[in-house]
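User: Hello! I would like to walk through this structure with you, one question at a time. Could we begin with a term that will come up later?

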Amino acid sequence: MNELDILLDTIKNQRWYFFENNDKIIFDKDTGLIWTNLKFFPYQKSGNNPYSGNKAKKLVTTINNQNWGGYNNWKVPTPNELWKMIADKTFPFFTGTYWRINKRFAWLVNDDGVLSRKDLDYEGAMYGISPDSSVNVILCSDALQPANFYSEPRVILEIFQNNKLIPFFKDAAANRLYKQSAKFLILEKLKAEKFNFYELSAKYDVAEINQSPVKFYKAVISVADEVLKYLQLYGSAAAEIAIPFNARYIDSPHLTLEENLLLKNRREKLAQILNLGVEEIAAQILEIRSEAEEMAAYRERIMSGSKILVELYQFENEPRVSFNLLVESIAESVTLAQDKIIFFAENKSFVRAIIDAAEIWSADYISFKKDLRGQFENLCIKNRIEQNLYFAWFEEWRKLRLAIEERFLPLIEFALKGNLRDVIFEILERLNNYKKAVDNFYLAESTIQKRLDVEENPRKFAKNFFNNVQKIINARPKYNEQIFLKKWAESLTD
């Protein structure tokens with residue numbers, strides 16, 4: 001059971017909700033009504049005395065004027081509403097015998113426009129109804145109840161989220177998960193409201209629009225406005241799902257210009273991938289809309305000037321993109337952003353793990369140049385290796401390590417597009433083992449003493465690495481993954 005299912009299952013099995021950020025109300029999942037929280041609400045007059053009819057009416061007015069709990073449409077419940085609330089005896093303030101609330105049996109109801117008293121010692125909505133003298137008062141409101149309400153866990157979750165309410169769940173895990181539930185709801189909405197180019201373009205008479213510049217620019221403005229509404233939802237999703245990542249890279253004094261550039265590009269590329277791109281798309285669409293408004297304003301200036309016919313002819317023949325291509329291009333950008341948001345939302349821990357791996361690899365390469373080079377130099381001095389040989393051998397080592405490092409980014413880029421999810425870290429581990437084998441070879445004192453067998457051993461390591469990856473390639477069900485991995489691994493064995 002995933003996190004969202006746990007949360008929805010908890011909602012399914014819990015009827016009543018108090019709220020962490022609004023202690024004046026209590027919510028009934030079965031009816032969608034909120035009720036005044038009797039822990040704070042003056043359901044009796046001071047001195048534990050019930051209200052008379054007129055005092056009860058004044059109380060309703062006072063509570064609405066006070067905006068109790070942030071709402072001002074509180075009302076006296078009907079007999080049916082009061083009975084539905086208490087009938088199963090799950091109401092948190094049910095105490096005493098029969099169906100009493102806080103041990104009191106006489107409660108105010110609105111019986112078809114007449115304020116009356118309902119005796120909760122009688123079963124059923126319409127039994128025990130009498131004139132409204134000496135009553136206790138509890139009020140209800142449909143302020144949270146959406147149109148066409150039905151009691152379904154996803155609907156209840158949306159009510160809480162849309163009204164920024166933090167409910168108390170009986171299940172401790174659900175309380176923790178609820179704080180994350182905004183991303184679940186957004187993800188569901190994104191999937192349900194997938195942007196559709198064909199549905200959008202079908203709203204317009206494309207042939208007629210392409211024939212008329214006036215209709216063309218009006219339609220462009222209309223499309224831009226419609227797409228910007230979609231982007232509001234994507235913006236909310238991006239805010240919830242985005243993974244913070246600082247693209248700034250500080251050059252290491254231990255690395256060459258080429259090496260620093262490699263690590264800098266890796267960090268910048270990761271930041272680019274992690275940017276969900278909603279703001280950029282919105283800016284593009286606003287620019288398109290602005291251009292359309294400028295052209296519409298240009299036509300209006302023509303109509304109020306001289307040589308109207310000549311200038312209208314020029315206006316009509318101004319080059320412009322076909323309406324279909326424009327809408328298709330906008331839709332493609334939005335759809336790509338939407339797919340990216342959905343992928344990141346569903347695979348956030350996977351993406352974080354890849355980011356962590358990238359940081360570890362970059363730090364490891366800097367350590368290689370800083371620490372391992374010093375170890376290698378000490379070994380060469382100890383074994384009296386000539387300086388020119390020392391530099392040549394270290395350069396061979398560095399080039400091989402750099403070649404391994406260069407293959408890291410293409411692999412994780414491919415993975416962050418939804419590929420190799422189940423084996424990416426296995427491949428990285430095999431690449432890391434290849435890297436360790438190379439380091440251990442160059443740092444081995446026996447290798448130094450033999451003047452470095454730089455031809456045979458690195459080739460052996462590369463061959464072992466390729467054979468290990470080949471096993472993964474053969475097991476991949478997707479042909480595009482097989483092709484990518486084969487080319488990727490071959491580039492390291494050249």
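Analyst: Gladly! A polar contact is a pair of N or O atoms within 3.5 Å, and inside a protein one of the two must be able to donate a hydrogen while the other can accept it. Please keep in mind that this is a predicted model.

User: With that in hand, which residue's side chain makes a polar contact with the side chain of Arg-267?

Analyst: Arg-267 belongs to helix H10, which covers residues 257-274. Leaving aside residues up to four places away in sequence, Arg-267 touches Phe-245, Asn-246, Ala-247, Arg-248, Tyr-249 and Glu-359. The side-chain to side-chain polar contact, at 2.6 Å, is with Glu-359.

User: Is Arg-267 buried or exposed?

Analyst: The cut-off for buried is under 20% relative accessible area. Arg-267 has a relative accessible area of 15%, so the residue counts as buried.

User: Where do the buried residues of helix H1 lie as you look down its axis?

Analyst: Helix H1 spans residues 3-12, and its buried residues are Leu-4, Leu-7, Leu-8, Thr-10 and Ile-11. Viewed down the axis of H1, these residues fall within an arc of 155°, so they line one face of the helix.

User: Which residue takes a positive phi in the hairpin of S4 and S5?

Analyst: Strand S5 (residues 114-119) runs antiparallel to S4, and six bridges join them. Asn-110 is placed opposite Leu-115 of S5. Two residues separate the strands in this hairpin, and the one with a positive phi, near 55°, is Asp-112.

User: Now for the aromatics: why is the pair of Phe-18 and Phe-93 called edge-to-face?

Analyst: A search of the whole structure finds 32 aromatic pairs. For Phe-18 and Phe-93, the ring centres are 6.1 Å apart and the planes meet at 75°. Planes over 60 degrees apart count as edge-to-face, so with its planes at 75° this pair is edge-to-face.

User: How many residues apart are Phe-18 and Phe-93?

Analyst: Phe-18 is in strand S1 (residues 16-19), whereas Phe-93 is in the loop between helix H3 (79-86) and strand S4 (106-111). Phe-18 is partly exposed at 29% relative accessibility, and Phe-93 is buried at 13%. The pair links distant parts of the chain, and the separation is 75 residues.

User: Which residues form the aromatic cluster that includes Trp-397?

Analyst: This is one cluster of Phe, Tyr and Trp residues. Its members are Tyr-365, Phe-368, Phe-394, Trp-397, Phe-441, Tyr-442 and Phe-461.

User: How far is the charged end of Lys-435 from the centre of the ring of Trp-361?

Analyst: A lysine is also found over the face of another tryptophan ring: Lys-89 lies over Trp-99, at 5.1 Å from the ring centre. The charged end of Lys-435 sits over the ring of Trp-361, and its distance from the centre is 3.6 Å.

User: How far apart in space are Asn-464 and Trp-361?

Analyst: Asn-464 is in helix H19 (residues 456-475), and at 41% relative accessibility this asparagine counts as partly exposed. Asn-464 and Trp-361 are 103 residues apart in sequence. From C-alpha to C-alpha, the distance in space is 21 Å.

User: One last thing: is Asn-148, with its positive phi, buried or exposed?

Analyst: Asn-148 has a phi near 55°, a positive value in a residue other than glycine. Asn-148 lies in the loop between strand S7 (140-141) and helix H4 (153-162). Asn-67 also has a positive phi, of about 60°, and that residue is partly exposed at 35%. With a relative accessible area of 74%, Asn-148 is exposed.

How values were computed
Residues are numbered from 1 along each chain as its sequence is written. This is a predicted model: local features need pLDDT of at least 70, side-chain atom pairs count only at pLDDT 80 or more; totals for chains, interfaces and linings use all residues. Side-chain values use heavy atoms; hydrogens and water are left out. Buried means under 20% relative accessible area, exposed over 50%, partly exposed in between (1.4 Å probe, protein chains only). Helices (H or I, at least four residues) and strands (E, at least two) are DSSP runs, numbered from the N terminus. The arc is that of the directions from the helix axis to the C-beta atoms. Rings of Phe, Tyr and Trp (its six-membered ring) pair if their centres lie within 6.5 Å; planes under 30 degrees apart count as stacked, over 60 as edge-to-face and the rest as tilted. A charge sits over a ring if NZ of Lys or CZ of Arg is within 6 Å of the ring centre and within 35 degrees of the ring normal. Contact means heavy atoms within 4.5 Å. Two strands pair if DSSP finds at least two bridges between them.
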